[in-house]
Amino acid sequence: MGEYAQNRHLPPYTPRDEAEFHKSEIYPEKGEASASSLRLACAESPRITLISMPKRSETGGFTLIEIIIVVTMIAIFMAMLAPAYQRITLKAQATTYFNDMRVYAESLSRHALERGKYPADQTSSPAFPAEMDGFMDRTRWTSPSPIGGYYDWDSADTPSGRALPHQGAIGLNRSNLRHDQYQQLDEWFDDGDLSTGQIRLYGGVRLFYLLENKSG
């Protein structure tokens, strides 16, 4: 009977009730009962009771399962994007770092050209190379590098630097980059080999930008 049911406390359902229920007022020409005609039929036949069906709230929110699914999908999406984002960020930082290296290398080479040698070896970092005032920015040199850590000048023109495999190099101390990230930098900006070329990794922890090789 759809939304209608027999009331258990009333006399048995009779053919007369059936006839009353199927009156033409209940089922108009289009075959659908209007709310007023249904109420009228229920009033005329005490054996027919209208059962009120619960309505779904028009302003109902998401269910817990729906929320869990959405959160899970967002987490998976972010996990997929994280490596690409880290790669883009590293390349941007590394680009700034190597631009700084070129500027510093030019300043240090100019000092060597004008005074016949590179500045004295830097014994600690962050510290500004001796005699470099007027050649490059002290504040920028002593600030953390774009890829972390601090700059350190190494010169073979001093006793402490004579065992080094280069005449002069800008080192990077206390950087938090992993070995695979150093390797990525070398592939982007040098020859892809951390033991050759202008970019070198010594001891697995110190990155150097060579100004001049002893073999060169």
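Helices and strands here are DSSP runs, numbered from the N terminus. On that basis, this predicted model reads β-α-α-β-α-α-β-β-α-β-β along the sequence, which comes to five helices and six strands. The protein has 216 residues, and 32% of them count as buried.

Strand β3 covers residues 150-155 and runs antiparallel to β4, with six bridges joining the two. Strand β4 itself spans residues 166-173. Tyr 151 stands opposite Leu 172 in β4, and Asp 154 stands opposite Ala 169 in β4. Both strands are mostly covered: in β3, five of the six residues are buried, and in β4 the count is seven of eight. As a reminder for anyone looking at the side chains, these alternate between the two faces of the sheet in a regular strand.

Next comes the packing of two helices. Helix α3 takes up residues 64-115 and packs against α5 at an angle of about 65°, the axes being 11 Å apart. The crossing of the two is right-handed. On the α3 side, the contact is made by Arg 87, Leu 90, Lys 91, Ala 94, Thr 95, Phe 98 and Arg 102. Helix α5 brings in Gln 181, Gln 184, Leu 185, Trp 188 and Phe 189. Sorted by class, the α3 contact with α5 has six nonpolar residues, alongside three polar and three charged ones.

Helix α5 (residues 179-189) also holds Glu 187. Gly 192 has 26% relative accessibility and so counts as partly exposed. Leaving aside residues up to four places away in sequence, Gly 192 touches Gln 183, Asp 186 and Glu 187. Gly 192 and Tyr 182 sit 10 residues apart in sequence, and their C-alpha atoms are 9.8 Å apart in space.

Asp 193 is found in the loop between α5 and β5 as well, where β5 is residues 199-202. With a relative accessible area of 34%, Asp 193 is partly exposed. Which residues does Asp 193 touch, once those up to four places away in sequence are not counted? They are Gln 183, Asp 186 and Ile 199. For Asp 193 and Gln 183, the C-alpha to C-alpha distance is 7.3 Å at a sequence spacing of 10 residues.

Finally, a word on backbone angles. Glu 131 is not a glycine, yet has a positive phi of about 70°. Its place is the loop between α3 and α4, the latter being residues 138-142. Glu 131 counts as partly exposed because its relative accessibility is 43%. Arg 174 is another residue other than glycine with a positive phi, here near 60°. Arg 174 is located in the loop between β4 and α5. Is Arg 174 buried or exposed? At a relative accessible area of 52%, Arg 174 is exposed, since the cut-off for that class is over 50%.

Notes: Residues are numbered from 1 along each chain as its sequence is written. This is a predicted model: local features need pLDDT of at least 70, side-chain atom pairs count only at pLDDT 80 or more; totals for chains, interfaces and linings use all residues. Side-chain values use heavy atoms; hydrogens and water are left out. Buried means under 20% relative accessible area, exposed over 50%, partly exposed in between (1.4 Å probe, protein chains only). Helices (H or I, at least four residues) and strands (E, at least two) are DSSP runs, numbered from the N terminus. Two strands pair if DSSP finds at least two bridges between them. Axes are lines fitted to C-alpha atoms, for helices over the stretch in contact, and angles run from 0 to 180 degrees between N-to-C directions. A crossing is left-handed if the near helix is turned anticlockwise from the far one by less than a right angle, and right-handed if clockwise. Contact means heavy atoms within 4.5 Å. Ala, Val, Leu, Ile, Met, Phe, Trp, Tyr, Cys and Pro count as nonpolar, Asp, Glu, Lys and Arg as charged, and the others, Gly among them, as polar.
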